[in-house]
Amino acid sequence: MHAFNLQAKPLSLADRLADLAVDALIDEADLSPKPALVDRRGNGAHTDLHLGLMHASALALWPAFKEMAEAALEIGEVGVPLREAIGRIGREGEQAMLATTNGVNTHRGAIWALGLLVTAAALQPESIALCAARLALLDDRYAPTPLSHGAQVAQRYGARGAREEAQLGFPSVLQRGLPQLHKSRANGHGEQNARLDALLAIMTELADTCVLYRAGEPGLQAMQAGAQAVLDAGGSASLSGRRRLHELDQQLIALNASPGGAADLLAATLLLDRIERDGISQGAF
């Protein structure tokens, strides 16, 4: 008889980071009740998205996240070679996503944000966000020139798109998402409510290009003011806050204003939180 070794082989750093990135995307999708976003209740303001599609899309991106981390480990430093390598891997990941979703853009912004953070984390820098920003500031000669919806809207309204958010070191994550997540946890609000509060904190100030594209400045103002009203009422864990959250959900659905940019940055928040809690990074964000 053969003796089988049932002990699991330790995961590589690249495997662990890819797992955490996919987990963050699935946790973001599952979080409920999110205003006008796909969640366990339904499709929010979307007609072409549903929860199963979000899960499938997240899982389809695992190889890309792993490959980005491996590129960082192989190249070993921030520079144009690494920037162009992860740009190529990201575009291949986007194609895998689109093949899985039959052409629906589920996670294009998240590939950019989480891809940069996974790559930076693999380098084990003193600050993951600063390292990701240095990468985001570098030019990729092979990047396609057509403007995304987010980039078009960023130009029209002077808003920061996903690219600029990364280049600035993810201020929405470090200054709003993570502090609110930690604060709500410390106040005993429960993990799901803490995550909802983190999303709302991001929404209070983000010039979300998804909202601007779908609903213009009235939609953006409704999102920001409504998110602040929920937090002012006590957050997701309070009865008054829940009522305000329901009102915000209805208002944004009526405006067709889905805060997809904020959702991507919540996933980035959850990823950095997981990296810290799993002890992968010894440095600060």
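What share of the contacts with a separation of 6 or more in the protein chain comes from residues 24 or more positions apart? They account for 72% of those contacts, where contact means heavy atoms within 4.5 Å.

## What you're looking at

This is a predicted model: local features need pLDDT of at least 70, side-chain atom pairs count only at pLDDT 80 or more, and totals for chains, interfaces and linings use all residues. Residues are numbered from 1 along each chain as its sequence is written, and side-chain values use heavy atoms, with hydrogens and water left out.

## Overall build

The protein chain has 13 helices and zero strands (DSSP runs, numbered from the N terminus: H or I of at least four residues for helices, E of at least two for strands). Its radius of gyration is 19 Å, close to the 19 Å that the globule rule gives for 285 residues, so the chain is as compact as a globular protein of that length. That radius is taken over C-alpha atoms, and the rule is 2.2 Å times the number of residues to the power 0.38.

Along its principal axes, the C-alpha trace spans about 60 × 50 × 35 Å. Buried residues (under 20% relative accessible area, 1.4 Å probe, protein chains only) make up 54% of the 285 residues.

## A look at Ser 238

Ser 238 sits in the loop between α11 (209-232) and α12 (239-255). Ser 238 is buried, with a relative accessible area of 18%. Its side chain reaches the backbone nitrogen of Gly 241 at 2.8 Å.

Methods:
Buried means under 20% relative accessible area, exposed over 50%, partly exposed in between (1.4 Å probe, protein chains only). A polar contact is a pair of N or O atoms within 3.5 Å; within protein, one must be able to donate a hydrogen and the other to accept it, and residues adjacent in sequence count only if both atoms are side-chain atoms.
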